[in-house]
Amino acid sequence: MAAPAASVVIPTRGRPGYLDIALASIEPQARALDAETIVVADGPDPASATVAKRHGARLLVLPAARGANAARNAGAELAAGDLVVFVDDDIRAPDGWLAALLAGARANPGHGAFGGPIRAHLEGGGPRACGREGAPITTLELGPDERDVGLVWSANMAVRARALREVGRFDESLRGRGEEEDWLRRFAAAGGRIRYLPSAGLEHRRTARDARLRRLGASAYALGRTARRYDVRKATAPSFAGELRVLGGCVWHIGRRRCAVGAVLAAHAAGRVRETIHEQRS
C-alpha cells in the first residue's frame with residue numbers, strides 16, 4: 001500500500017466541539033488528496049473519540065494526560081506520510097489549505113518545515129478593541145510573499161518525517177509557550193530551513209463563549225506563566241522590574257484607550273509577574 005500524501009496530526013483534550021469543526025474542514029481535503037488524519041487524545045476522552053470516529057479519522061488515545069507535545073510525538077510516531085502536518089483542535093481549514101501545504105513542500109525540497117497564516121476568528125466579535133492591538137489569541141501573518149522564516153506555529157505547521165527523525169522529538173517537559181519553538185530552534189541550529197507559505201492559511205477559532213473577556217483572560221494568564229518559564233530556560237527573561245513595567249503599561253492602555261483587549265494583555269503580563277515571584281521564592 002502506498003504511503004499517504006501527508007499525515008495530519010491533531011492533538012486534543014476535552015474539546016469535542018472544536019474538534020468536530022476542525023475535522024469537518026480537514027477530512028474532506030485529506031480524503032481528496034490521499035492523506036490521513038490522526039487524532040491524538042491527550043488522555044481518555046470519550047466525547048472526542050466519538051467525534052474522531054464519526055469523521056473517519058484514525059484515533060490514538062494516550063493512557064494519561066501528558067501535554068500537547070506528548071500527543072504530537074505519539075501522532076508523529078504513528079504517521080505514515082512523508083509530510084507530517086500539525087494543527088490544533090481549535091482551527092478551521094478552508095478549502096485548498098492542505099493542497100497549498102503539499103504544493104509548497106513539493107516546490108521546496110530543500111526545506112524541512114513549513115507554516116502558513118493563522119487568522120483569528122472570534123465568534124461574536126470578541127472583546128472591544130481599540131485597533132492598536134492584534135487579536136488576543138495566537139495568530140501569524142507574515143505578508144503575501146513566500147519566504148524563509150525563523151519560526152512558525154504549531155496551529156499550522158508541517159514537518160518532513162526525515163526532519164523529525166534527525167532532530168528528535170518535541171520536548172515533553174514544555175507546556176504552553178515554547179512547545180513548538182524549542183523544536184524549530186533545534187531544527188534551525190542543525191541547518192534546517194523553514195518556509196512560510198502564504199496560500200496555506202487557516203482560522204484559529206474561539207466560540208462566542210470562549211471569546212468572552214474572562215475566559216480569554218484566564219487563558220492569557222496561564223500562557224503568561226509558561227512564557228516566562230520558557231524565557232528563563234532560554235536565558236532571555238526580563239528582570240522583575242521589566243515585567244512590572246509591561247504590566248503597568250497594559251493597565252495604562254486599558255484606561256487610556258478603554259480597550260478590553262488590553263485587559264487580556266494585562267492578564268498575560270500578570271501571569272509573567274506571578275511566575276517571576278514564584279521563581280524568587282523557590
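Which handedness does the crossing of helix 1 and helix 2 have, left or right? Keep that in mind, everyone, while we look at two pairs of packed helices. Please remember that this is a predicted model.

Helix 1 covers residues 16-32 and helix 2 covers residues 46-55; their axes lie 9 Å apart, at an angle of about 20°. An angle under 35 degrees counts as roughly parallel, and therefore helix 1 is roughly parallel to helix 2. And the crossing? It is right-handed for helix 1 and helix 2.

Who makes this contact? Helix 1 brings Pro 16, Leu 19, Asp 20, Leu 23, Ala 24, Glu 27 and Arg 31. From helix 2 come Ala 47, Ser 48, Val 51, Ala 52, Arg 54 and His 55. Sorted by class, the contact of helix 1 with helix 2 has seven nonpolar, two polar and four charged residues.

Now on to the other pair. Helix 8, residues 240-257, packs with helix 9, residues 260-281, at an angle of about 160°, and their axes are 9 Å apart. Over 145 degrees counts as roughly antiparallel, so that is how helix 8 and helix 9 are arranged. Here the crossing is left-handed.

On the helix 8 side, the contact residues include Phe 240, Leu 244, Leu 247 and Ile 254. On the helix 9 side, among them are Ala 266, Ala 270, Val 273 and Ile 277. The contact of helix 8 with helix 9 divides into 13 nonpolar, four polar and two charged residues.

Note on methods
Residues are numbered from 1 along each chain as its sequence is written. This is a predicted model: local features need pLDDT of at least 70, side-chain atom pairs count only at pLDDT 80 or more; totals for chains, interfaces and linings use all residues. Side-chain values use heavy atoms; hydrogens and water are left out. Axes are lines fitted to C-alpha atoms, for helices over the stretch in contact, and angles run from 0 to 180 degrees between N-to-C directions. Helices (H or I, at least four residues) and strands (E, at least two) are DSSP runs, numbered from the N terminus. Angles under 35 degrees count as roughly parallel, over 145 as roughly antiparallel, 65 to 115 as roughly perpendicular and the rest as oblique. A crossing is left-handed if the near helix is turned anticlockwise from the far one by less than a right angle, and right-handed if clockwise. Contact means heavy atoms within 4.5 Å. Ala, Val, Leu, Ile, Met, Phe, Trp, Tyr, Cys and Pro count as nonpolar, Asp, Glu, Lys and Arg as charged, and the others, Gly among them, as polar.
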